[in-house]
Amino acid sequence: MALPNLVLIGAFTYRPLIMNIYYSTLNWTLGSATATVVGLGNYVRFFSSDAAGTVLTTTAVFAVATVGGSMVLGLLVALALNTNVPGTNVARAGVFAPYVLSGVGVGLVWLFIFDPVYGVLAYVLRRFGAESPRWFNDPTLSLVMVITVYVWKNLGYCAVVYLAGLQSLPADVMEAAALDGAGRLRRFGYMSLPLLGPTTFFLLITTILSSLQAFDLIRIMTPTSQGTRTLIYEAYVQGFGAYQRAGYSAAISVVLFVLLITLTIIQIAWVDRKVHYA
Amino acid sequence: MKGNPLTMVPPLDRRRFLAITGGGIGALALSACAGPITSGAAPSPTTSTGTDWSKVTPAPEITFWSNHPGKSQDVETALINAYHKTQTETKVTLVTAGASYEEVAQKFQTAQQGGQLPHVVVFSDVWWFRYFLNDSIISLNDLLSHLKVDTADYVEGLYKDYEFNTKQWAVPYARSTPLFYYNKAMWAAAGLEDRAPKTWQEFATWAPKLKAANPSAQVAHMYSAASDYDSWTLQNKIWGEGGALSKDWTITCDAEPVVKVLQFTQDSVYKHKWAGVSAKDASADFAAGAAASFVGSTGSLVGVLKAAKFDVGVGFLPGGSQATDMVCPTGGAGLGIPKAITPEQQLAAAKFLAFLGLPENTAAFAAATGYMPVRKSSDMSAVYAKTPQAKIAVDQLSHTRSQDYARVFLPGGDREIGIASSDILTQQAKITDRLAKLKSTLTDIYTTDVKPKLR
């Protein structure tokens, strides 16, 4: 019974993976019927180029900011939603809604908001006598813009998962701590947070993986990739954008693959040991 | 009971299951090694020489991939309908293959691997040469000759833009040049003559007056964003100072005239503060009154005239201290035919391509979009009567120059030049350092991606 599934996984997951590794050893232009075998030449070219530093740094900054931002803000939102005040159900739906929206649609709407000439944000800033930052022309600000939107879109996911974690905390233990005189902050820091360890661990893995594979928002909001050259976007630009370097792009994809595998192994082998399961 | 060993299927035990699975995955792994041909020399680019076109029957159906440059979907549809009235042997289907030249190119390149190729496709000025290098397109000489297309009637400069190794690889279609657009009311308020400046140096003396007289405008001039083909118009200033991005395959983007031009441009933004860099679309900024002038494509002409609530003036591109003539680049897109389709489809495609290039059809396309008529004999009088600005674009045509190889023939050259220019104009990058880096990048592209394929 497993055979059909294995064949499908082999055909649509492992075969492209193997093909990609093979293509990464070629100097091949997309659309060309011929290619030259260059061995590890594409890897050497990438790691010896100025682009490597920029791409790896941008990838790291984007991942840390989006994972950190989504998780911290998600936890804060979950704490706010984990109260018995009216309207929390509506608020929960509102917080989660951006997560299920299309990345392309979200990107287009936020582009209009950020537009320094015609955008809503520029209009509001002008009302206060300030000029809009040059979001589209300044690479640093472009990255900030994309990170902001990515966090906005994804914090709902973290909030909902954290909310589920908060609601499954043992009520009797928390009550006992309160009776023993532990304040809210102390209970949160010494009890809730450690007990949320498995939730945090799960979110850490899933959000890092999705952050490193984030593409739609970045592609829509920064078509020139200025300031937003993450590994996956660089692979796209090199392979399907202006350069059409299919082999070189495949090498960058392999670098991303190795990075993802390494991070996952580290997380499972090391971070998992630090998590306290109830 | 024992069955016939020739027909009996053995039970699927664990060992056999693993063997089958392993074999399947192994076969997949081996098939993964299929892809581009990696042995032997690459084939020479194909020409249409050798096919006896008189013995070929046009295919009954073909597709035309376009991004509808200049919002031309309606006029393209009308031209296809007109084509269907002139003949019945071939039905043409218009396909929106992307929103930009880049998206069409991406789809076309991907189709080379995955099939479903178009039969006529829009090639932008910075893309067709890659198709030539990849051996993805056919030369059109024999087909055009067989169809008795009057190629001498094409505007010579536009036609020769697609010539390489003495062969013709596309024909002009949505061709443009940049124009200098200005707001006549702002010009009048500043007491300036109703004309475009003759040189950028002259405009630098006008700009403070424009700013002082028009406080509602953010800047006297808006430069294009990096995403909006700014490297195309940058060539104008560089040529005016006697420089070039490249001379044939030698990259000269760090030479003194280029440094001088970018210093002038950077100073206009940061030191003299009369110019700005558009966030997205300089023509939209201009139409909204945020800038007194900008340089944009003739393909934007109809759109700008519709969007602007003021009188729009257009003029030739300004020159520089070294040259005031032949400083305007050509641009836009042509039409070509893929190699990996049948001769029947190629012939049908060529017939349609020839129809689109008829003088009356190119005039209709120009009237609807603002692009230039690509045939000398096109009657544009009705267009000029309605849109006198269009005549400026056509008059400028005889003062144009083909673009530098660094921008149009190097894959990614356009993007790299645009980003370097953007770094200098929006990040105040040190000009000499940034241009040296650009030269290194462009040289690497030529050495790795172009030179090995040139024959």
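A residue is termed buried when its relative accessible area is under 20%, exposed when over 50%, and partly exposed in between (1.4 Å probe, protein chains only). By this criterion, 45% of the 278 residues of chain A are buried. The structure is a predicted model, in which local features need pLDDT of at least 70 and side-chain atom pairs count only at pLDDT 80 or more, whereas totals for chains, interfaces and linings use all residues. Residues are numbered from 1 along each chain as its sequence is written, chains are lettered from A in the order in which they are written, and side-chain values use heavy atoms, with hydrogens and water left out.

Chain A contains 13 helices and 2 strands, assigned as DSSP runs (H or I, at least four residues, for helices; E, at least two, for strands). Its C-alpha trace spans about 75 × 60 × 35 Å along the principal axes. Of the contacts (heavy atoms within 4.5 Å) in chain A between residues at least 6 apart in sequence, 68% link residues at least 24 apart.

The interface with chain B involves 45 residues of chain A and 49 residues of chain B. Between them the two chains bury about 3,900 Å², with 55% of this on carbon and sulfur atoms; buried area is the accessible area (1.4 Å probe) lost by two parts on being put together, summed over both. Across the interface of chain A and chain B, 4 salt bridges are found, defined by a side-chain nitrogen of Lys or Arg within 4 Å of a carboxyl oxygen of Asp or Glu. A salt bridge joins the side chains of A:Arg45 and B:Asp444, with an N to O distance of 2.9 Å.
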